[in-house]
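Please look through the report below with the sequence and the structure beside you.

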Amino acid sequence: MNALQKKHGAAQETTGHEPRLYRVVADRIQQLIAEERILPGERLPSERDLATKLSVSRASLREALIALELGGAIEVRGGSGVYVSELQQDAALPEAGPGPFEVLSARRLIEAEIAAIAARVATDGAIDAILKAVQEMEASHANKASNEHADRNFHLAIARATGNSALVGSLSYLWDQRGHLWHRLKEHFQTEELRQETLKDHRHIFEAIASHDAAAAKKAMRAHLERVTRTFSRG
């Protein structure tokens with residue numbers, strides 16, 4: 001058993017389950033850096049080449065790179081590439097929870113159905129609450145912190161419109177998983193175009209719910225979350 005296998009075995013014994021995929025990929029990237037003798041300050045292969053070399057998706061690779069950056073092993077330079085950190089640290093990889101793309105995948109499944117249910121049963125008061133969240137997000141577009149708070153309120157207002165507290169709790173849990181990996185991913189790869197398109201998406205979702213069109217609400221929510229996933233995985 002090599003050192004990498006021992007490391008994974010220890011992680012499984014400690015957590016009682018398979019390690020998160022992005023952590024496995026992060027270990028493989030570090031192994032590749034050592035095997036190919038990529039020195040501090042030197043650039044790694046492109047994301048496309050790394051994904052091919054490691055036989056992983058761009059999404060899994062990107063999560064792993066962000067985890068390694070947070071751990072101090074590499075540096076992601078926008079528009080330039082990924083470099084081995086010149087200030088090498090032996091920091092542990094952050095977080096043990098689901099990666100950003102796992103959360104987005106779960107949200108696509110759950111929130112599309114939540115939007116459809118809300119369109120069928122939302123009261124006038126619930127629709128007003130969703131509209132208020134849309135308007136707050138539009139008004140706070142220039143303030144990223146306030147904008148993100150309004151974004152969360154929008155999605156939770158839709159969940160509350162279903163009248164099902166279990167769905168509200170499930171969605172709250174998923175939003176609470178947006179930790180350091182998610183925020184660094186947004187910092188590097190969220191574009192102004194995506195932010196503008198998100199405002200339009202939210203309007204479309206609201207209009208479908210306000211019209212009590214369940215099929216349109218489900219389609220609009222899924223399209224919105226697929227747009228976010230595409231942007232963050234391709235960049």
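Lys144 is a residue of helix α7, which covers residues 144–161. The model is a predicted one, and in it Lys144 has a relative accessible area of 57%, which is over the 50% cut-off, so Lys144 counts as exposed.

Arg195 belongs to helix α10, made up of residues 192–210. Is Arg195 buried or exposed? Its relative accessible area is 11%, and because values under 20% count as buried, Arg195 is placed in the buried class. When residues up to four places away in sequence are not counted, Arg195 touches His141, Lys144, Asn147 and Gln190, so that the exposed Lys144 is one of the contacts of the buried Arg195.

## Helices α7 and α8

Helix α7 also packs against helix α8 (residues 165–176), at an angle of about 160° and with the two axes 8 Å apart. Why are these helices described as roughly antiparallel? Angles over 145 degrees count as roughly antiparallel, and the angle here is about 160°, so the description applies to α7 and α8. Their crossing is right-handed.

On the side of α7, the contact is made by Asp151, Arg152, His155, Leu156, Ala159 and Arg160, while α8 contributes Leu167, Val168, Leu171, Ser172, Trp175 and Asp176. Sorted by class, the residues of this contact are six nonpolar, two polar and four charged.

One of the residues from α8 is Ser172, and its relative accessible area of 19% is under the 20% cut-off, so Ser172 is buried. Leaving aside neighbours within four places in sequence, Ser172 is in contact with Arg152 and Leu156, and both of these residues are among those that α7 brings to the contact with α8.

## Helices α2 and α4

A second pair of helices is formed by α2, residues 21–35, and α4, residues 58–70, which pack at an angle of about 70° with their axes 8 Å apart. Because angles from 65 to 115 degrees count as roughly perpendicular, α2 is described as roughly perpendicular to α4.

From α2, the residues that make the contact are Leu21, Tyr22, Val25, Ala26, Ile29 and Gln30, and from α4 they are Ser60, Leu61, Glu63, Ala64, Leu65, Ala67 and Leu68. By class, this contact of α2 with α4 has ten nonpolar residues, two polar residues and one charged residue.

## The chain as a whole

The chain contains eleven helices and two strands, and read from the N terminus its elements follow the order α-α-α-α-β-β-α-α-α-α-α-α-α. Of its 235 residues, 46% count as buried. Among contacts between residues at least 6 apart in sequence, 72% join residues at least 24 apart.

## Confidence in the model

The average pLDDT of the chain is 86, and 88% of the residues score at least 70. Which elements have the lowest and the highest mean pLDDT? The lowest mean, 40, belongs to helix α1 (residues 3–15), and the highest, 96, to helix α6 (residues 124–139). Over residues 1–16 the pLDDT is below 50, and this stretch has eleven contacts in the model beyond near neighbours in sequence.

Conventions. Residues are numbered from 1 along each chain as its sequence is written. This is a predicted model: local features need pLDDT of at least 70, side-chain atom pairs count only at pLDDT 80 or more; totals for chains, interfaces and linings use all residues. Side-chain values use heavy atoms; hydrogens and water are left out. pLDDT is the predictor's confidence in each residue, from 0 to 100. Helices (H or I, at least four residues) and strands (E, at least two) are DSSP runs, numbered from the N terminus. Contact means heavy atoms within 4.5 Å. Buried means under 20% relative accessible area, exposed over 50%, partly exposed in between (1.4 Å probe, protein chains only). Axes are lines fitted to C-alpha atoms, for helices over the stretch in contact, and angles run from 0 to 180 degrees between N-to-C directions. Angles under 35 degrees count as roughly parallel, over 145 as roughly antiparallel, 65 to 115 as roughly perpendicular and the rest as oblique. A crossing is left-handed if the near helix is turned anticlockwise from the far one by less than a right angle, and right-handed if clockwise. Ala, Val, Leu, Ile, Met, Phe, Trp, Tyr, Cys and Pro count as nonpolar, Asp, Glu, Lys and Arg as charged, and the others, Gly among them, as polar.
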